[in-house]
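Work through the exercises below with the sequence and the structure at hand. Each task is followed by a solution in steps.

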Amino acid sequence: MATDVQRLERSWAEPAGLLAWIGTVDHKRIGTRYLVTAAVFFAAAGVEASLMRAQLARPDEHLLGPERYDQVFSMHGLTMIFLFVTPMLSGFGNYLVPLMIGARDMAFPRLNAFGYWVFLAAGLFMYSGLVLGKAPDNGWFNYAPLSIQPYSDGPNIDFYAIGLLFLGISTTVGAVNFIVTILKLRAPGMSINRMPIFCWAILATSISIVFAIPSLSVAAGMLELQRSWGFHFFDTAGGGDPLLWQHLFWIFGHPDVYIIFLPAVGIVSSIVPVFSRRSLVAYDWVALATMATALLGFGVWVHHMFAVGLPQVSLAFFAAASTIIAIPSGIQVFAWLATMLKGRPVIRTPFLYVLGFLVSFVIGGLSGVMFAAVPFDQQVTDSYFVVAHFHYVLFGGAVFPIFAGIHYWYPKITGRMLDERLGQASFWLVFVGFNLTFFPMHIAGLLGMPRRVYTYPAGMGWDVYNLLSSIGAVVLVVGILVILANLVQARFLGEAAGPDPWLANTLEWTTSSPPPPYNFARIPVVRSADPAWDGVSGPSDLVLPEGHQTPATMPLEGDPAAALEMPSESLVPLAAAVAIALICVGLIGDLDWLAVAAGVATAVVLAFWHSPREAGPLEPAP
Amino acid sequence: MRRRISGFGPALGRRTPLATGAVLLLTLVAAGCGENDQSTLAPKSSASDQIARLWWVMLVASAVIFGVVLVLLFVAVLRRRGAEPATTKGGGLWIPAIGGIAIPVVVLTALFALTLRTLPKTSPAAASATGLTIDVVGRQWFWDVSYPDKDVRTANELHIPVGVPVNVEVSSADVVHSFWVPELNRKIDMIPGQVNRVTLEADRAGVYRGQCAEFCGLQHAHMAFYVVAEPRAAFDAWLAREAKPAPAPATPELERGQQVLLGSACVYCHTIDGTNASGKIGPDLTHLASRRSLAAGLIPNSPGYLAGWILDPQHVKPGNKMPATDLSGTDLQALLAYLESLK
């Protein structure tokens with residue numbers, strides 16, 4: 001074996017040096033980049049949230065004027081949705097999916113690198129608007145005709161439209177990569193019904209992305225055509241229709257809620273069995289519920305539009321659809337509860353965050369079902385009740401699992417254990433701060449406080465709830481800083497984790513922490529959904545030491561099909577991302593020559609990337 | 001002001017400790033005061049009452065479900081603690097079958113039935129079944145209100161007769177706004193190129209605050225209005241007064257004030273019926289002095305606030321469409337006196 005491992009080391013190790021570091025295609029390095037970059041955007045969104053809570057702590061506050069406030073709340077939403085949660089979960093997916101399915105990399109490693117660079121560039125592009133004081137200021141939903149001239153004359157909305165078009169490339173290529181990786185690169189024996197639920201979640205999310213993002217991209221493209229080239233899609237004066245935007249946006253926007261939520265509950269389904277010391281109850285129901293949620297998510301968008309004046313028949317149809325979608329979530333919640341009830345739970349920080357998720361998500365789910373009651377929706381939509389609800393679903397439902405995932409996989413990624421006491425302290429601060437911040441918003445909304453207001457008058461009965469929210473935000477920030485402190489200290493002082501500190505059930509724990517560049521010296525063979533527990537799965541004799549090779553299997557059965565040659569590090573993905581970024585810069589700066597030149601450069605780089613010489617199999621290692 | 005809390009019947013009828021706690025909490029918060037209240041939990045019409053009842057029913061049901069989940073969670077976590085060798089498989093399927101499918105199907109079906117029952121009561125009545133039509137056009141950032149039958153135009157204030165279903169037809173002259181008076185009914189969006197309807201029927205006399213509920217730009221936060229529900233006779237008297245043109249200036253000072261107004265940029269945007277001022281962009285000022293507020297509910301309608309508004313509207317409501325007016329002290333005094341005379 002030793003010689004095999006040496007040959008693997010030789011063929012998979014990336015050369016030292018800055019260029020090789022930049023050009024890496026290792027899914028673990030790229031995944032870590034996603035995680036770290038998304039965390040930086042999370043910090044930015046947190047600063048924006050803190051500014052909002054400072055502004056709203058008291059009535060008639062003048063800390064931020066309306067112009068600044070509108071940019072801050074818009075960037076908070078855009079950042080959280082597009083630049084934090086989605087890429088963060090993409091980071092987990094990138095790092096973990098190949099490890100969980102026993103592969104050596106993602107199916108398209110260079111596309112993976114390209115996706116990261118586009119995400120980074122699109123994020124910087126959108127934030128450059130904020131630096132210039134011209135950030136998007138019409139919310140993440142960006143309704144027309146407020147988004148078009150004469151109501152929005154500056155470049156603010158162009159940063160939105162062009163930025164989201166640009167970012168959509170990253171999300172889409174990432175999703176395609178996940179779908180192919182999950183369907184084709186699973187280890188021999190990992191039939192689709194033995195696949196970790198996290199991979200089911202990533203698969204469901206990726207399929208949703210492939211169908212949902214086009215609607216957003218079309219909307220953003222039409223918006224930019226209207227704003228810059230005189231088209232009339234969204235203004236009544238020119239024969240357009242403002243509601244067209246709302247439909248296109250929410251056909252994307254509601255599935256996007258599940259795009260965010262599904263990978264997060266995939267994390268939960270990974271952690272619950274490990275800390276309950278028992279296989280997940282109702283594995284196949286949970287897998288089916290995951291897929292069903294992704295599918296049903298496309299049938300409920302109109303519940304964001306119940307107040308636009310639709311006929312009662314439409315209202316009833318979408319009310320029914322919005323009711324039904326609660327059932328798959330209910331199945332998952334009770335499958336987790338059943339696993340805990342049947343198991344012997346061990347409380348550690350990742351599991352605490354999962355429990356916090358469950359409590360918050362059940363509250364958010366229950367208030368979500370209320371929106372299917374159309375008259376109630378029409379009463380509280382666009383009030384703070386909605387703000388409370390979706391923070392319970394998105395912060396409670398996605399950020400808690402993300403924090404759980406960070407505490408769970410940090411030992412795998414760094415090889416070091418986090419401090420358990422700091423972890424538990426951070427949990428309680430985050431849990432109390434979160435509830436104190438967002439629970440009072442339910443009441444403020446029921447008392448009639450509209451959302452997206454930069455200030456509010458005294459004497460409406462809203463003051464005390466806003467003050468409580470702002471105090472809660474302080475506690476929440478402290479909790480997040482404790483997490484950060486824990487991550488930093490553990491990097492240097494944490495005790496060594498070993499390959500499997502949690503005695504977990506999935507394949508990523510059967511290799512060293514951090515894993516070697518080739519993930520597994522011997523390709524695992526899988527005989528159950530809990531390969532690290534079943535006692536019969538384990539390393540096979542398959543090594544594939546030559547070149548960059550990983551086995552491909554059949555999509556359903558997981559029977560071996562081929563050995564695939566994987567590419568190595570390259571700067572071409574970065575070049576392609578930079579070229580596209582320059583198109584965006586040319587468009588926003590009205591520098592037509594730059595946009596055209598960058599468009600030509602993009603075509604050249606892509607042609608070079610896809611030329612046979614570049615894409616063909618590499619020379620086998622000696 | 002003591003307020004009636006409707007819809008407590010179902011809530012208190014089947015209580016659990018959690019639900020009782022929530023109800024008590026919300027009782028406290030529902031005790032707002034006066035016309036600055038726009039609580040959804042203090043309904044003043046049968047439509048809002050229906051919605052509030054729906055809410056209380058859903059709250060109690062949710063509290064029960066949440067309580068059950070919480071109990072299961074505590075049982076699961078606190079019982080049998082301690083790591084033992086892992087992993088029996090199988091069993092436990094009945095828990096998601098009952099908790100995740102059977103019970104939700106029953107509860108959600110009931111909820112859907114309740115929704116279908118409530119929906120018609122909050123949906124707009126046929127125009128023929130209403131006693132009065134009011135047109136409201138949303139503009140950045142005020143409410144352009146007119147009574148088409150009487151050729152009356154005003155702003156930021158709707159007067160309605162008590163106990164009469166009123167057909168409110170809403171639209172927008174610029175961006176999407178949303179018309180919302182929580183104590184009287186659900187909200188309805190105001191969309192350019194489209195007329196939406198909502199029915200307002202106040203149970204009793206009072207002043208009910210409303211506010212724009214769809215983000216509409218810089219001053220979305222300051223786009224409020226009042227619905228004044230009054231007995232039929234008082235309403236008829238108000239409408240008759242509003243239908244008249246503005247009173248002619250009765251003193252030399254008022255005369256001068258009118259000249260100041262007509263000689264300034266005011267006339268490009270504002271109408272004062274009976275004078276040459278006929279701009280349509282801003283609020284109608286014909287009976288400005290009869291209104292409760294200025295700048296769409298932002299400041300009280302008093303000479304001091306009015307003076308501050310005229311001299312520096314951008315300080316009061318940054319971003320609004322009204323430019324500052326530079327006036328000498330005496331001109332300002334005369335203008336204020338004239339505007340205050342527009343009863």
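**Exercise 1.** Determine which residues of α6(B) and α10(B) meet, and how the two helices are oriented.

Solution. The model is a predicted one. On the α6(B) side, the residues in the contact are B:Glu253, B:Leu254, B:Arg256, B:Gly257, B:Gln258, B:Val260 and B:Leu261. On the α10(B) side, they are B:Asp331, B:Ala334, B:Leu335, B:Ala337 and B:Tyr338. Sorted by class, the contact has seven nonpolar, two polar and three charged residues. Next, take the geometry: helix α6 of chain B spans residues 252–262, helix α10 of chain B spans residues 329–340, and their axes are 7 Å apart at an angle of about 100 degrees. Angles from 65 to 115 degrees count as roughly perpendicular. The two helices, α6(B) and α10(B), are therefore roughly perpendicular to each other.

**Exercise 2.** Classify the packing of α7(A) against α6(A), and then against α9(A).

Solution. Start with helix α6 (residues 156–184) and helix α7 (residues 197–229) of chain A, whose axes come within 8 Å and cross at roughly 155 degrees. An angle over 145 degrees counts as roughly antiparallel, which makes α6(A) roughly antiparallel to α7(A). The crossing of α6(A) and α7(A) is left-handed. Their contact comprises 20 nonpolar, six polar and three charged residues.

Turn to helix α9 of chain A, residues 283–296: its axis and that of α7(A) come within 9 Å and cross at roughly 15 degrees. The cut-off for roughly parallel is under 35 degrees, and α7(A) and α9(A) are therefore roughly parallel to each other. This crossing, of α7(A) and α9(A), is right-handed. From α7(A), the contact includes A:Ile197, A:Trp200 and A:Ala201; from α9(A), it includes A:Val286, A:Ala287 and A:Met291. The residues of the contact of α7(A) with α9(A) divide into nine nonpolar, three polar and no charged.

**Exercise 3.** Describe the contact between chain A and chain B from the side of chain B.

Solution. First, the count: 76 residues of chain B and 76 residues of chain A take part. Second, the elements: α3 (46–78), α4 (94–122) and β7 (188–190) of chain B each supply at least two residues of the side that touches chain A. The greatest share comes from α4(B), with 15 residues. Third, the classes: this side of chain B holds 39 nonpolar, 27 polar and ten charged residues.

**Exercise 4.** Summarise the overall build of chain A.

Solution. Chain A has 19 helices and four strands. Its radius of gyration is 24 Å, close to the 25 Å given by the globule rule for 622 residues, so chain A is as compact as a globular protein of that length. The C-alpha atoms of chain A fill a box of roughly 75 × 60 × 50 Å along the principal axes. Of the 622 residues, 61% count as buried.

Notes. Residues numbered from 1 in each chain as written. Chains lettered and ligands numbered in written order. Predicted model: local features only at pLDDT ≥ 70, side-chain atom pairs only at ≥ 80, totals over all residues. Rg over C-alpha atoms; globule rule 2.2 N^0.38 Å. Buried ≥ 20, exposed ≤ 12 C-beta atoms within 10 Å, placed from the backbone. Contact = placed C-beta atoms within 7 Å. Nonpolar A, V, L, I, M, F, W, Y, C, P; charged D, E, K, R; others polar. Axes fitted to C-alpha atoms, helices over the stretch in contact; angles between N-to-C directions. Left-handed = near helix turned anticlockwise from the far one by under 90°.
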